[in-house]
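Hi,

Here is the structure we talked about, ready for you to open. My notes on the side-chain contacts follow below it.

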Amino acid sequence: MDKNSGYRTNVIGAGEVGVAFSVDMDKYVIHETNSLFWDTKGNDVLGATALPLYGAFVSEEKCQLFGNVSGKKVLEIGCGSGQSLQYHGERKASELWGMDLSENQIEKTRQYLTACGLSAKLICSPMEEECGIPEDYFDFVYSIYAIGWTTDLEGTFSRIASYLKKDGVFIFSWSHPIHKCVVAENDMLIFKKCYFDESWYSVSLDESTLTLSDRKLSTYVNALSKAGFVIEQMIEETEDEIMQSRDDNDDFAKKAKMLPVTFVIKARKL
Ligand SMILES: C[S@@+](CC[C@H](N)C(=O)[O-])C[C@H]1O[C@@H](n2cnc3c(N)ncnc32)[C@H](O)[C@@H]1O
């Protein structure tokens, strides 16, 4: 619990994984570390989270945040394996754009979409940086479990606002910060990390390393507001229908019954 101690509790995905240590925030080192992880391990270790799922227990089918995307221009930030772009392509979005830090993820997206008979404009870049994405252009910008990797939340939201047309919609999902603080142990949920601690840490996973920080919900809300967004909806629910399909002994499902493991925000550019 001591935010200054070297060892950290770390929750990634369904539970406590790997050994985590506090590190300094250095954007270049973090991009190098994380792109190496996503180039070499990525979804093979962490699995994909893609539409229609926003997270393990929240779906677009239930939330209907996008509505009809037919004829709309969509951009995915951190497009990973490309499955969410496929979801929009099959629903007749007029243009599919994706960007990701990792060359390998971009290549996976390209191959996946090609196999589905779809094409997209794909850009390899950190989301924090200028990378040639057009401004005042998109109806939707969205991100499924990628926004939290940014080293500069306010700068990233401000860039995303610039990509959207006026009244365009930004939708993103990420791990709920409460989920990151609580660990399931011996049939109990134990609060193991300080909710207020937004410092950076590295975690070793499958002989590779990831570096991240856990932000408070208010940090996301205030950064959206500063970038010129108004929040239209926020989802913290665990869907009963998905829960019922899970095994009774599944610790992640037991946790998700008690607290939100994912949050989703739908915001509009003013
Ligand atoms: C958990 S995956 C989610 C992607 C997608 N929803 C999926 O499941 O395939 C996170 C993605 O964010 C990308 N990413 C990490 N840091 C990034 C950054 N700073 N800028 C852009 N993409 C980043 C990773 O390369 C990875 O593809």
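There are 17 salt bridges in this one, and please keep in mind that the model is predicted. Lys 269 and Asp 136 make one of them, with their closest N and O atoms 3.1 Å apart. That pair ties together distant parts of the chain, 133 residues apart: Lys 269 lies in strand β17 (residues 262–269), and Asp 136 is in the loop between β9 (121–124) and β10 (138–144). The two ends sit in rather unlike surroundings. Lys 269 counts as buried because its relative accessibility is 13%, while Asp 136, at 52%, counts as exposed.

Another bridge joins the side chains of Asp 139 and Lys 165, at 2.8 Å from N to O. Here strand β10, which holds Asp 139, is linked to strand β11 (residues 164–175), which holds Lys 165, and the two residues are 26 apart in the chain. Asp 139 is buried, with 16% relative accessible area, and Lys 165 is partly exposed at 29%.

Glu 232 and Lys 266 also meet in a salt bridge, this time at 4.0 Å from N to O. Glu 232 belongs to strand β16 and Lys 266 to strand β17, so to speak a link between distant parts of the chain, 34 residues apart. Lys 266 is buried at 13%, whereas Glu 232 is partly exposed at 40%. The structure has 18 aromatic pairs. Take Phe 37 and Trp 38: their ring centres are 5.2 Å apart and their planes meet at 85°, so this pair is edge-to-face. Phe 37 counts as buried, with 0% relative accessibility, and Trp 38 is buried too, at 14%.

Phe 57 and Phe 252 form another edge-to-face pair, 5.2 Å from centre to centre and with 65° between the planes. What parts of the chain does the pair link? Phe 57 is in the loop between β5 (53–55) and β6 (58–59), and Phe 252 is in helix α10 (residues 251–258), 195 residues apart. Phe 57 counts as buried at 1% relative accessibility, and Phe 252 is buried at 12%.

The charged end of Lys 73 is over the ring of Tyr 137, 4.1 Å from its centre, and that of Arg 91 is over the ring of Tyr 87, at 3.6 Å from the centre.

On cysteines: the structure holds 0 disulfides. For Cys 194, the nearest cysteine sulfur belongs to Cys 181 and is 7.2 Å away. Cys 194 counts as partly exposed because its relative accessibility is 25%, while Cys 63 counts as buried at 14%.

Last, the surface. Val 221, Ile 231 and Met 234 form a nonpolar patch there, and together they have about 190 Å² of accessible area. Met 234 is located in strand β16 (residues 229–235) and is partly exposed, with a relative accessible area of 31%.

Cheers

Technical notes: Residues numbered from 1 in each chain as written. Predicted model: local features only at pLDDT ≥ 70, side-chain atom pairs only at ≥ 80, totals over all residues. Heavy atoms only, no water. Phe/Tyr/Trp six-rings, centres within 6.5 Å; stacked < 30°, edge-to-face > 60°. Buried < 20%, exposed > 50% of the residue type's maximum accessible area, 1.4 Å probe, protein only. Helix = DSSP H or I, 4+ residues; strand = E, 2+ residues; numbered from the N terminus. Lys NZ or Arg CZ within 6 Å of the ring centre and 35° of its normal. Disulfide = S-S within 2.5 Å. Patch = residues over 30% accessible without salt bridge, like charges linked within 9 Å, V, L, I, M, F, W, Y side chains within 5 Å. Areas by Shrake-Rupley, 256 points an atom, 1.4 Å probe, with all protein chains shown as cover.
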